[in-house]
Amino acid sequence: MIKAIAVGMNSCGIAAGAKETFNALQRFLKEKNINIPLKVTGCVGMCYREPLVDIIYEDTIITYGNLTQEKVEKLIDSHIINNVPIQEWIVKTDKINGTKILETWDVDGFFAMQKKIVLENSGYIDPENIDEYIARDGYEALRIALKHKPEEIIEIIEKSGLRGRGGAGFPTGLKWKFTREAPGEKKYVVCNADEGDPGAFMDRNVLEGDPHRVLEGMIIGAYAIGASEGYIYVRAEYPLAIKRLKIAIAQAREKGFLGENILGSNFSFDIKIKEGAGAFVCGEETALIASIEGKRGMPRPRPPFPAQKGLFGKPTNINNVETWANVPWIIRHGPEAFASIGTEKSKGTKVFALAGKISRGGNVEVPMGLSLRDILVKIGGGTKTGKPIKAVQLGGPSGGCIPEQMLDIPVDYESINKTGAIMGSGGMVVMDADTCMVDVAKFFLDFTVKESCGKCTFCRLGTMRMWEILDKISKGNGVLEDLENLEKLAYEVKAGSLCGLGQTAPNPVLTTLRYFKHEYIEHVVDKKCRAKVCKPLIAYRIITDKCTGCTACARYCPVKAITGEVRKPHYINQDICIKCGTCYEVCRFNAIEIVDAFQGVKNEQN
C-alpha cells in the first residue's frame, strides 16, 4: 500500500520543473479521486535526474527520475492505479525499515560508494516539518549532549577528529575549546553559510533539505562553548534556504529546542539570521563578523582571533554549514564511529558538489580518502561530452586545477594541499579537452579581482595586474617574460595579502602554470589556443566541400559576415566576423571549422 508520494523541491529540483510536476500530481490525484498524501522533500543528490518523484511504501521507496509534468498522468494510471511500476523511468530504490534506509540501489551506481552522514536526511524528509526530523532521531543528540558537561562535549568532538569543512580544515573541537576558555560572559556561535564559490552548492543543499540538522549542531556547539546567542550568516541569493531556516527556527522555539531553559535545562540559547549581500570576501571570518555588525564586509588582521575577540568584541566560534551538520551524528553515534571513517588525519566524510562538464552533476558525500577518480568517474560518470577528463578545479576560485594524471590521489586535506590546490568547501568543476587552462585561470582571477574588498594593496592591485597579463596572453600578445612575471607576482600576492581571498587567489594561476605550462607557451610562442576557446586566436572557416548552401549560417549571423548564393558554398568575411560561434552552432552539415587565426586565415572569397 502506498503511504505517500514525495517530490524533491530544493532549488535544483524547482529549476528542473519540480514545482510543475508537484502541481500536476496534485491536480491528477484530485481528478482521479486518489487519496494519497503528497509531500515535499529536499534533494537526494541526483540533481542530474530531477525532477525526482518518490513513491513511498511501508518498506520501499521507488524513485522516478526526470519526471516532468507531462509524464505525471501516465505515472498515476500505471503505478498508482494499476500497480504497474514504469521500470524504464525508475532511477533509485530504497529498502527501508520505518525511517531507516537499509539499502539503496540506483540505476547509475551513483550511491554505491557514498556514505551519508551530513546528507542522511536530505531528500527523505519534509524540511519544513520538524516532526519528520524528530522521527529520524532529530534533536536526540541535543538531549544526549545536555546530559554531559560542556567540556565533555568538546572532548567528544576532539576525539572524533572533525575538522572544519569550510576549507581550512582546522580541528573543530580545538576551535570550540579556544572559545570556551576565552574570558568573557557573553559568547557567540556563528554559522558561515556564505557559500560563494562558482560551482559550489553543498551548503545550499543542506540548508534547504535539512535545516534542523544545522540548528541542532549549533545548539550543541553553543552549549559546549557557553554561548547564549547565535547567528546564521547566509547570502540573500539563497531565498529558499532562508525561508526554510526561518520556519525551522520558529518550530524549534515552539518545541523548546531554542530559547530559554532548553528542554528544561539551565541552558538558554537562540539564533538569528543575518542575510548577506553576496560578497565573496564575507566568507572570511573577520569580514563576516564586520558584516553582521552592520559594517562594510572587510577583513582585519589576526590576532586577535575571533575566538578571543569576535562578534561585537566578544569570543566567537564560527563554523560552516557542513561542520555544524556533522555534530548531531557524532554525538548520537560516538566519536569512535566518526573517527573510524576516512584517513588517519582526515576523519569522516566530505560533501562535494560535482559541476562543470560532469555527466552526473549533483551533491555526493563520500568517506575521506576516496580517490578523485572514483568520485569523478565511478560516481560522477566522467564527462557528459564523452571526452576524457582534462582537469578538475577544486576549492573554487581559492583552489587549483588538478590534471587528469593525478586523479588517483586520495581526497583528504594533506593530499590535496600537496597538489597546490585546496579542499575548499567542496566544489569540483570538471573540465574536458575543450577547456583552455589559460582561460580558466583568467576566469577565476576575474572573479577574485571583482570580489576583492580592496583593503590591501597586494590583493587590490596585484590580482588586477595578474589578470592583465593573462588577458594579454589570451589575446596572443604575450611574451615569455610575462610567464615569469606572472608567477613571481602570484607568490607576492599570496605572501602580502591580508586575508584568505588574496592569499589564495593566485592558486588557479599557479596550478595551471605548474601542470599546463605548455598551453601558456603555445599561446605566447605559437599564438595558438589548442582548445579553440580564446577568441583572438581562432577563426571560423567554411569547408566549401561540405557546404550545401542552405543559408542557415548567413541567416543567423548577427553581423552579416557570411555571404553566398542558395545551394552554393558560402564564405565568411574575416574582417567583419566577431567570432560569436553562431554559424558553427547552426550548421547541420559540419561545414564550419574552427582554425588558428594566426595561421593565415584569409577571406576565402578573395
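Tutor: The following questions set values from this structure against the definitions of the terms.

Tutor: This is a predicted model, in which local features need pLDDT of at least 70 and side-chain atom pairs count only at pLDDT 80 or more, whereas totals for chains, interfaces and linings use all residues. Residues are numbered from 1 along each chain as its sequence is written, and side-chain values use heavy atoms, with hydrogens and water left out.

Student: Why is the contact of Arg-244 with Glu-128 called a salt bridge?

Tutor: The term requires a side-chain nitrogen of Lys or Arg within 4 Å of a carboxyl oxygen of Asp or Glu. In this pair the closest N and O atoms are 3.4 Å apart, so the contact meets the definition. A search of the whole structure finds 43 salt bridges.

Student: What makes Arg-244 buried, and how is Glu-128 classed?

Tutor: Buried means under 20% relative accessible area, exposed over 50%, and partly exposed in between (1.4 Å probe, protein chains only). Arg-244 has 3% and is therefore buried, while Glu-128 has 26% and is therefore partly exposed.

Student: How are Glu-285 and Arg-302 paired, and are they buried or exposed?

Tutor: Their side chains meet in a salt bridge, at 3.4 Å from N to O. Glu-285 is in helix H11 (residues 285-292) and Arg-302 in the loop between H11 and strand S10 (316-320), 17 residues apart. Glu-285, at 17%, counts as buried, whereas Arg-302, at 39%, counts as partly exposed.

Student: What is the peptide bond from Arg-302 to Pro-303 called?

Tutor: That bond is cis, with omega near 5 degrees. Pro-303 is found in the loop between H11 and S10. The bond from Glu-50 to Pro-51 is cis too, with omega near 5 degrees, and Pro-51 lies in the loop between strand S2 (38-41) and strand S3 (53-56). Such bonds are worth noting because most peptide bonds are trans.

Student: Why are helices H6 and H7 called roughly antiparallel?

Tutor: Angles under 35 degrees count as roughly parallel, over 145 as roughly antiparallel, 65 to 115 as roughly perpendicular and the rest as oblique. Helix H6 (residues 150-160) and helix H7 (residues 172-181) pack at about 155 degrees, with their axes 7 Å apart. Axes here are lines fitted to C-alpha atoms, for helices over the stretch in contact, and angles run from 0 to 180 degrees between N-to-C directions. The two helices are therefore roughly antiparallel.

Student: What is noted about the phi of Asn-83, and how do you know that Asn-83 is exposed?

Tutor: Asn-83 has a positive phi of about 60 degrees although it is not a glycine. The residue is in the loop between helix H3 (72-81) and strand S5 (90-97). Its relative accessible area is 55%, and therefore Asn-83 is exposed.

Notes. Helices (H or I, at least four residues) and strands (E, at least two) are DSSP runs, numbered from the N terminus.
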